Amino acid sequence: MAFGRNPKPRSVEALIREGDKLRLGSDGKQSFEEAFYCYKKAAAKGDPHAMYLLGAMYEAGHGTNQSYKEAYKWYDRSALKEDKNGRAALGFLYEAGLGTKRSRPLAIENLETAAHAGSHRAMNNLGLIYLDRASKEFSDHAAVTFFQKGNMAKYPPSVANLARMYETGKGVVRNCSTAANLFRNAAKAGNLPAKVFLAEMMKYGIGIEAKQEAAHHLFLEAARWGDPIALAEINGEDVDMDVFVARPETDSNPKMQLNYGLMFLFGCRAPIAPATAFYLLESSAKAGNTDAMYVLGQAYELGIGTERSMFLAKKWYSWGAEKGNGPCAFSLGCIAEDAPKGGDVQAAIGWYRRSLECEQDADARSDALMSLGYLLAQGANPDSSPEEALALLKEAADLGHSEAQYFAGKMMLERGDRSGAARYLGMAAAQGDDRAKDILESQGL
């Protein structure tokens, strides 16, 4: 009777690599449960990074029941082995009093150790603690010091928080121009609060040229994520932007779960705590909040608070699109169009059409109209006519989409409609499109 050899024990590194693949769906298969098992085996071998990853799985409720007590246990073990990520995560639990008794001194001690070891998350969270005016540790100067360290590393939350210090003149000489530039940098990197604060400065021309339309577009973009400040702006309401939140409230309301999830994901009014953010966002999404589904799709697609995972991005977008969320359907169209090896244009067209069937703000609708109109104008669908393409582009243009204004104007010029072309190219030129300006000049329009 033949016996097979015992399988060779996998190394810690191999277990972590396998866990990462399973967690993110890198090889087309995604399973939090199997990833959890891999991390647990690696942690049992004494690896501090695996211990941290296992703690994060417990904190997020990925592959196991969510438990701050278990997360604390594994973060503590990781921190004892000098893992900076474990230290930073442990600092958050001490600050929030989750899984352990709240202790700001222990939070600061762990965060400072992690910050000195190079943890950008720890640097940002320390700055926020020192910015809390309700505590004896309050120090604008200390907050600026840690935000500056994060800014030097181009860490978006710290860049946004440093911008806020320059905007308000806390701990530094007030300089709104510097604040606007920092907000712009953080916004380009995907920081949602930075987009909102930049929009506020654009609206009133503080430190930057007043641009009402651009500000409105940024507010709408942030509102699509369910950002409470952007929503308040659009609805003409007031909201306090300077409240420090140490921990999320225990609340089963999907809207509140989304709000807290955003705060702990972006780290401008609350500490950076990605695992807790994803737990809250997923709880909101599972309760049917399609805005949370969209946020999760964006987070995984862009790598905000996590490594990028197109597998998980498409999962959340698909669920949102199924529930009637237009931006989710549009995002699936963009993914299909931009897929490797030329993309799937027909699938993209289908998703863009689906997006237009959903209720969404005018800004989001104009994106879908523009993308669909452009593909049809390129002859991507033989069943569609140039007239349909132009109608879509004109509708997007009338909603203020500058790219659509340019392409609609160019298309009308090619069809001999000079007055129509002049109108739409003029709209695009007014929004700063140099291509439109060149055509207007060369054609004498």
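In this predicted model, the side chain of Asp 47 has a polar atom that lies 2.8 Å from the backbone nitrogen of Ala 50.

**Asp 47**
- Asp 47 sits in the loop that links α2 (32-44) to α3 (48-60).
- With a relative accessible area of 18%, Asp 47 counts as buried, because the value falls under 20%.
- Once neighbours within four places in sequence are set aside, the residues in contact with Asp 47 are Val 12, Ile 16 and Ala 42.
- Between the C-alpha atoms of Asp 47 and Leu 376, which are 329 residues apart along the chain, the separation is 54 Å.

**Asn 289**
- Asn 289 is placed in the loop between α15 (274-286) and α16 (290-302).
- The relative accessible area of Asn 289 is 16%, so this residue is likewise buried under the 20% limit.
- Apart from neighbours within four places in sequence, Asn 289 makes contact with Pro 254, Lys 255, Leu 258 and Ser 284.

**Nonpolar cores**
- The largest nonpolar core comprises 113 residues, of which Tyr 75, Leu 93, Phe 183, Trp 225 and Phe 264 touch the most other members.
- For Leu 93, leaving out neighbours within four places in sequence, the contacts are Tyr 68, Ala 71, Tyr 72, Tyr 75, Leu 98 and Thr 100.
- A second core, separate and made up of 33 residues, has Ala 336, Ala 348, Leu 392 and Ala 408 among its members.

Conventions:
Residues are numbered from 1 along each chain as its sequence is written. This is a predicted model: local features need pLDDT of at least 70, side-chain atom pairs count only at pLDDT 80 or more; totals for chains, interfaces and linings use all residues. Side-chain values use heavy atoms; hydrogens and water are left out. Helices (H or I, at least four residues) and strands (E, at least two) are DSSP runs, numbered from the N terminus. Buried means under 20% relative accessible area, exposed over 50%, partly exposed in between (1.4 Å probe, protein chains only). Contact means heavy atoms within 4.5 Å. A polar contact is a pair of N or O atoms within 3.5 Å; within protein, one must be able to donate a hydrogen and the other to accept it, and residues adjacent in sequence count only if both atoms are side-chain atoms. A nonpolar core is a set of buried Ala, Val, Leu, Ile, Met, Phe, Trp, Tyr and Cys residues joined through side-chain atoms within 4.5 Å.
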